[in-house]
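Q: Could you take me through this structure feature by feature, giving the general idea before the particular case?

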There are 4 protein chains.
Amino acid sequence: MSKTYSPEEAEALVHSHDPEHPANLICDLCREFYKLGWVTGTGGGISIRKDELVYLAPSGVQKERIKPEHVFVLPFAQSSVPKPGSKRDFIRVPAKKGLNESQCTPLFWNAFTLREAGACIHTHSQHAVLLTLLLPRNAPSFRISHQEMIKGVRLGGNGKTLKFYETLEVPIIDNTAQEEDLTESMAAAMEKYPNAPAILVRRHGVYVWGNTWEQAKTQAECLDYLFEIACKMLQNNLPLEGDE
Amino acid sequence: MSKTYSPEEAEALVHSHDPEHPANLICDLCREFYKLGWVTGTGGGISIRKDELVYLAPSGVQKERIKPEHVFVLPFAQSSVPKPGSKRDFIRVPAKKGLNESQCTPLFWNAFTLREAGACIHTHSQHAVLLTLLLPRNAPSFRISHQEMIKGVRLGGNGKTLKFYETLEVPIIDNTAQEEDLTESMAAAMEKYPNAPAILVRRHGVYVWGNTWEQAKTQAECLDYLFEIACKMLQNNLPLEGDE
Amino acid sequence: MSKTYSPEEAEALVHSHDPEHPANLICDLCREFYKLGWVTGTGGGISIRKDELVYLAPSGVQKERIKPEHVFVLPFAQSSVPKPGSKRDFIRVPAKKGLNESQCTPLFWNAFTLREAGACIHTHSQHAVLLTLLLPRNAPSFRISHQEMIKGVRLGGNGKTLKFYETLEVPIIDNTAQEEDLTESMAAAMEKYPNAPAILVRRHGVYVWGNTWEQAKTQAECLDYLFEIACKMLQNNLPLEGDE
Amino acid sequence: MSKTYSPEEAEALVHSHDPEHPANLICDLCREFYKLGWVTGTGGGISIRKDELVYLAPSGVQKERIKPEHVFVLPFAQSSVPKPGSKRDFIRVPAKKGLNESQCTPLFWNAFTLREAGACIHTHSQHAVLLTLLLPRNAPSFRISHQEMIKGVRLGGNGKTLKFYETLEVPIIDNTAQEEDLTESMAAAMEKYPNAPAILVRRHGVYVWGNTWEQAKTQAECLDYLFEIACKMLQNNLPLEGDE
């Protein structure tokens with residue numbers, strides 16, 4: 001960790017009049033995601049990395065009511081993938097009692113380290129969950145082609161955009177009792193599927209990332225659209241791949 | 001009843017600039033619940049207990065247009081479960097003519113007395129009602145397991161959170177012609193199912209509670225999510241329990 | 001027509017700072033109805049009668065963008081049911097060119113004269129339309145019982161509220177090429193079904209009324225809820241009447 | 001091109017306090033369309049032509065966050081249908097780096113030149129896409145009759161409105177790998193179906209136009225409503241044409 005912050009400097013990290021500041025964006029985007037049904041019941045969230053700092057929403061709170069002063073700030077440089085609640089060099093911890101960092105921290109870190117992502121979004125969208133239920137129990141991934149919205153998704157989450165007729169593949173991993181226990185299987189899936197722009201978690205939701213928050217959000221929307229249309233197609237016995 | 005209130009003191013109970021004041025929260029949350037389709041057609045609502053006072057929305061009015069001055073205030077200490085319209089020690093009755101206290105008062109009281117809840121939410125969500133219709137007519141309860149959103153629900157509504165692989169059970173009681181006539185069967189179900197975080201009412205809706213309004217709202221959202229996904233699973237012949 | 005209005009008096013009829021003034025309410029409610037999907041594509045609307053005046057939204061304009069100055073004012077006293085575009089004693093016509101009174105005028109009038117209604121709402125809700133398509137082609141009415149939301153509906157639209165176990169009946173009439181041609185069949189259905197709180201129009205939508213705008217809106221929401229749950233029940237082969 | 005613009009004049013073209021100015025409308029309408037699910041994931045958009053100027057949203061950006069200064073202005077007079085990225089007499093290009101004109105430009109031009117439209121809307125609505133999937137693979141068009149909402153649609157997009165009992169026909173063309181490659185097949189479909197008010201693109205979305213933005217928006221809403229009800233009818237085995 002290259003820099004140390006005085007308490008005043010640390011506090012200043014989440015206060016800005018710029019609506020594009022990560023602490024403001026996290027609040028704004030969580031409100032938007034709540035309206036989409038992605039983060040109800042305190043589930044889901046977003047983390048943004050800017051240079052050497054990672055901004056994190058707190059865990060277990062109403063995501064649509066987060067304020068900038070509730071945001072955690074961590075150094076990106078860590079000796080290992082951080083575990084929630086583990087001792088760590090926090091830069092800024094909210095003063096409000098009872099706030100804990102997101103349980104998804106190590107999963108967000110997967111995106112930051114394995115894909116050099118600048119933002120990672122986690123949703124509990126019903127389209128994602130229903131899709132993992134409608135697909136065969138042993139399906140290793142969700143595959144779809146010949147949809148215009150595929151063109152908004154990037155190989156690996158931050159590479160080239162896919163083409164209309166190409167097959168998008170999103171791995172599906174099994175859920176675990178503790179969210180942090182997904183860390184290894186998510187990392188393994190990301191390594192096995194280097195082109196995957198996201199990871200679906202059966203009976204749980206999805207993790208999506210991108211170089212920037214705009215790229216992560218755009219892909220989260222494109223993927224959610226594809227999950228939704230795929231559910232409808234499966235319920236109408238339409239094949240997900242090909243153009244017939 | 002330990003304290004008496006002058007008319008000015010009683011009136012002041014619903015006027016505050018604090019958005020977290022119960023009278024303001026009731027208005028704010030009812031607007032939010034309306035957008036979710038939980039309290040359309042004047043149905044449903046929320047009651048918040050703070051210390052020795054209970055704040056109640058009025059009955060039969062458009063829930064998304066309630067103002068703080070429409071809120072009733074009652075003492076929590078009552079010689080018996082209060083019946084709507086029965087003589088009672090009101091602390092504050094709205095000045096506007098034609099406003100009556102919520103018909104759900106005795107049902108909210110069940111949550112306050114049997115679970116020591118600090119807030120109780122009643123919705124007419126279509127997901128709850130459709131679920132009670134899709135389940136077998138004689139099903140005593142709704143049971144579901146292996147869903148991430150189960151982890152946002154607490155045993156008994158304010159105990160430990162459930163685990164992903166544990167079975168959530170919500171009793172279902174039959175509806176009655178008069179809402180207050182649900183009082184006894186709801187109480188009986190709460191006693192028979194001490195771990196239940198909510199009570200479903202067939203062809204009617206759901207009652208959900210928590211220690212605080214945040215806990216009640218979070219669980220109402222998690223449960224509504226689970227009711228919705230369960231309806232979809234039943235319509236696709238997927239089992240609600242287990243991980244197959 | 002007992003009173004004449006100077007141009008200034010007529011113009012003043014639609015300008016008020018009171019949000020409950022009919023001209024303001026029409027704009028506000030149309031925005032709300034748009035969000036519910038009831039009045040998209042310029043369809044649907046609302047008319048409010050206050051004492052001897054009737055306030056009408058214009059026809060064929062985006063209902064979510066109406067301003068008070070676009071509202072028509074007519075005298076309630078008319079020698080016959082008014083036809084759109086017919087010569088009539090308008091009190092206030094909007095100055096903006098291209099605005100025409102609602103095509104639904106004679107249908108609103110049915111509610112005002114046959115039920116002494118104070119407000120009438122017309123929606124193109126998909127739930128209403130799909131219901132008329134899912135029911136048998138020759139079904140004279142939609143019937144449902146044993147739903148909590150029935151209790152928000154009044155006999156005839158402004159009488160006693162129905163009970164949970166009672167059967168709500170809403171007549172269905174066939175659509176016509178011209179909206180005004182529905183006038184007679186709607187009136188006939190209202191006379192044949194004096195307890196009906198609304199009229200469904202096959203492949204078109206619904207007309208709902210009440211003594212006041214609050215009563216009309218509440219019933220429109222309860223009925224729309226019932227149309228929606230009925231569609232889901234029919235698609236799952238569940239009977240609409242009875243408690244089995 | 002009859003007129004040249006100084007840099008200041010060009011810049012002034014997108015700055016106005018008038019909410020009805022094309023640059024403001026594009027931002028406002030894109031926000032509205034986002035809420036309807038028409039332009040998520042940066043897809044879809046709108047172009048408005050006013051006199052000899054065409055206003056265009058940028059490509060590949062979040063449509064609900066566009067600001068007037070992001071809007072492109074082109075002369076309507078072009079020697080040929082413009083290709084995205086091709087050299088062309090731009091009048092105003094946004095200063096912000098990374099903004100490109102909409103990929104839909106040549107498709108919007110089809111509406112401007114072949115139908116003399118004043119506005120063209122492109123959506124990725126799931127109703128449109130699902131409809132193209134539910135209809136037979138070789139269906140050349142979507143046909144529906146006997147729906148009230150048909151009456152909001154105009155022959156050719158800006159002619160006479162259809163009647164309730166008339167058949168609306170919207171051609172369906174196949175999607176292509178590059179959006180601009182749709183230009184010719186869209187133009188061919190518009191010429192083959194002179195009465196068509198829109199073009200559906202299989203597995204992609206829809207293009208709708210009108211003389212004005214109001215007319216285009218109204219028809220986009222009516223058509224989207226019809227796409228949605230048609231999907232429901234097909235899923236319930238109800239015929240789309242006729243009144244049985």
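A: Let us begin with how copies are compared: they are superposed by least squares on the C-alpha atoms of residues with pLDDT of at least 70 in both. That cut-off is needed here because this is a predicted model.

Q: What rotation and what shift along its axis superpose chain B on chain C?
A: Chain B is brought onto chain C by a rotation of 90° with 0.0 Å of shift along the axis, and the RMSD is 0.0 Å. This is the relation of a four-fold axis.

Q: How should I read the strand order of the open sheet in chain D?
A: The order lists the strands as they lie side by side, and in chain D the open sheet of eight strands reads E4-E2-E1-E6-E10-E9-E8-E7, with mixed pairing. Strand E4 (72-75) and strand E7 (141-144) of chain D are at the edges, and each has a single partner strand, so one side of each is left without a neighbour in the sheet. From one strand to the next, the twist averages 20°.

Q: How many bridges join strand E2 of chain D to E4(D), and which residue is the bridge partner of D:Tyr55?
A: Strand E2 (residues 53-56) of chain D and E4(D) run antiparallel and are joined by four bridges; D:Tyr55 has D:Val73 in E4(D) as its bridge partner.

Q: Which strands does helix H4 of chain D lie across?
A: Helix H4 (residues 126-134) of chain D lies across E7, strand E8 (168-173), strand E9 (198-201) and strand E10 (205-210) of that chain, and it runs at about 65° to E9(D).

Q: What area is buried between chain A and chain D?
A: The size of an interface is often given as the accessible area lost when the parts come together. Between chain A and chain D about 2,300 Å² is buried, with carbon and sulfur atoms giving 47% of that area, and the contact takes 28 residues from chain A and 23 residues from chain D.

Q: How many salt bridges does the rule find across the interface of chain A and chain D?
A: The rule finds four salt bridges across this interface. The side chains of D:Glu64 and A:Lys217 meet in a salt bridge, at 2.3 Å from N to O.

Notes:
Residues numbered from 1 in each chain as written. Chains lettered and ligands numbered in written order. Predicted model: local features only at pLDDT ≥ 70, side-chain atom pairs only at ≥ 80, totals over all residues. Heavy atoms only, no water. Pairing = 2+ DSSP bridges. Helix = DSSP H or I, 4+ residues; strand = E, 2+ residues; numbered from the N terminus. Axes fitted to C-alpha atoms, helices over the stretch in contact; angles between N-to-C directions. Contact = heavy atoms within 4.5 Å. Buried area = accessible area lost by both parts, 1.4 Å probe.
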